[in-house]
Amino acid sequence: MSQKPHLTFVEEILLLLLDDDTGAMKRVAPNVMELLIAGAILMDLALRGRLDCDLQKMVVVDAAPVGEEILDGPLAEIAGAEDEADPRTWVVRLSARSKEIQEAALKRLVERGILRVEDRSFLWVFGSRRYPMIDDREEREVKLRILDVLLSDRIPAPRDVALICLADASNAFQVILSAQELRHAAARIEVVRGFDLIGQAMGRAIRKSVQDIAAATATAHHPFY
Amino acid sequence: MIESTKIGGVVVWAPKGRIDAAAAPNLEQEMMSSIGKGAEDVVLDLSRTRYMSSAGLRVVLVVARDLQAKDGRFAVCGLNDEVKELFEVSGFSLIVNIVADRDAAVAAVQGD
């Protein structure tokens, strides 16, 4: 039996953020969502052997398209850049095209038969006569992979590290885990999210963005302070 | 170039130069093949490695994960300052036994 190709990280994180019942996307601040999607793209390209990085710089090691539209555009952009930049800079740069990437990823999930569009919401195709088992498995697989890493001491696979970075940055754990599980897993999340340098860079970019917005909001509310 | 030797039942891997996206796949393949053939006590000696990227870190993660699943033992030694910083910043020092040199690494693996 041929192995099913991985979903991209953008697709996986979008599935985690969709409410199973309503099809509505969990509320994530727009700037956070943009940085999250950019980080997902970079981590995907790194795991597919197209990018490499260290603490100072990110480089393209293979500019050949991977055959996924949402990945190949950003890959070409990085390959064509004239300057050398660190992973965080690239997270911020690519965030400018996150909206189009998100739309393309949702469209792809519909094409794959995992989601359907109804009343402008994306819905899991639960109970579909066409793909009932496949679709159920996609969702369960992502969540089980995360739970397996967080609730054990097992060393995670690189793909699972990336997924945990993304779930943490999007606060998806608040949906996946109970409050008690989240408290229990907090230290573990902190350790695992450090294992991926791009994930770290994305987390820093998101924290900086959230701080900047909080500071701007505070200034707006207290203009004389 | 990857040197591999066996010391008292411990397989020691000593890659030379850079462990980046170009070199990492070969190192991973060699080490995983060795583990697949039964090596359970493994040392990664980085004393001849002058640079490691995130692709190299992933090799360490994959090897450590596989050995953990097989109840094997794993240590890394000979890190230069730059590689040591990479291990510390990424938190790998929390999951991998890091020691000064090859003798200490072999002893650590044998004594675990």
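Visitor: How many residues does helix α9 of chain A have, and how far does it reach?
Guide: This is a predicted model, and in it α9(A) covers residues 179-192, so to speak 14 residues. From first C-alpha to last, α9(A) reaches 19 Å, close to the 20 Å expected at 1.5 Å a residue.

Visitor: Where does α9(A) bend?
Guide: At Ala185(A), by about 50 degrees.

Visitor: Staying in chain A, at what angle do α2 and α3 pack?
Guide: Helix α2(A), residues 30-47, and helix α3(A), residues 69-79, pack at about 90 degrees. Their axes are 10 Å apart. Angles from 65 to 115 degrees count as roughly perpendicular, and therefore α2(A) and α3(A) get that label.

Visitor: Which residues meet there?
Guide: From α2(A) you have Ile41(A), Asp44(A) and Leu45(A). Across from them, α3(A) brings Ile70(A), Leu71(A), Pro74(A) and Leu75(A). By class, that contact of α2(A) with α3(A) has 6 nonpolar residues, no polar ones and 1 charged.

Visitor: OK, switching to chain B. What order do the strands of the sheet come in?
Guide: The order is β1-β2-β4-β6-β7 in chain B, 5 strands in an open sheet with mixed pairing. β1(B), residues 2-7, and β7(B), residues 97-99, stand at the edges with a single partner strand each, so one side of each has no neighbour in the sheet. On average, neighbouring strands are turned by 25 degrees against each other, direction ignored.

Visitor: And in which sense do β1(B) and β2(B) pair?
Guide: Antiparallel, over 6 bridges, with β2(B) spanning residues 10-15. Within that pair, Ile2(B) stands opposite Pro15(B) in β2(B).

Visitor: Which strands does α1(B) lie across?
Guide: Helix α1(B), residues 24-36, lies across β1, β2 and β4 of chain B, and runs at about 175 degrees to β2(B). Helix α2(B) packs on the sheet too, touching β4 and β6 of chain B. The direction of α2(B) makes about 150 degrees with that of β6(B).

Visitor: Now the two chains together. How many residues does each put into the contact?
Guide: Chain B gives 19 residues and chain A gives 15. On the chain B side, α2 (54-69) and α3 (81-90) each supply at least two residues.

Visitor: Which element supplies the largest share of that chain B side?
Guide: That's α2(B), with 8 residues.

Conventions:
Residues numbered from 1 in each chain as written. Chains lettered and ligands numbered in written order. Predicted model: local features only at pLDDT ≥ 70, side-chain atom pairs only at ≥ 80, totals over all residues. Helix = DSSP H or I, 4+ residues; strand = E, 2+ residues; numbered from the N terminus. Expected span 1.5 Å × (residues − 1). Bend = angle between axes of the 7 residues up to and from the residue. Contact = placed C-beta atoms within 7 Å. Pairing = 2+ DSSP bridges. Axes fitted to C-alpha atoms, helices over the stretch in contact; angles between N-to-C directions. Parallel < 35°, antiparallel > 145°, perpendicular 65-115°, else oblique. Nonpolar A, V, L, I, M, F, W, Y, C, P; charged D, E, K, R; others polar.
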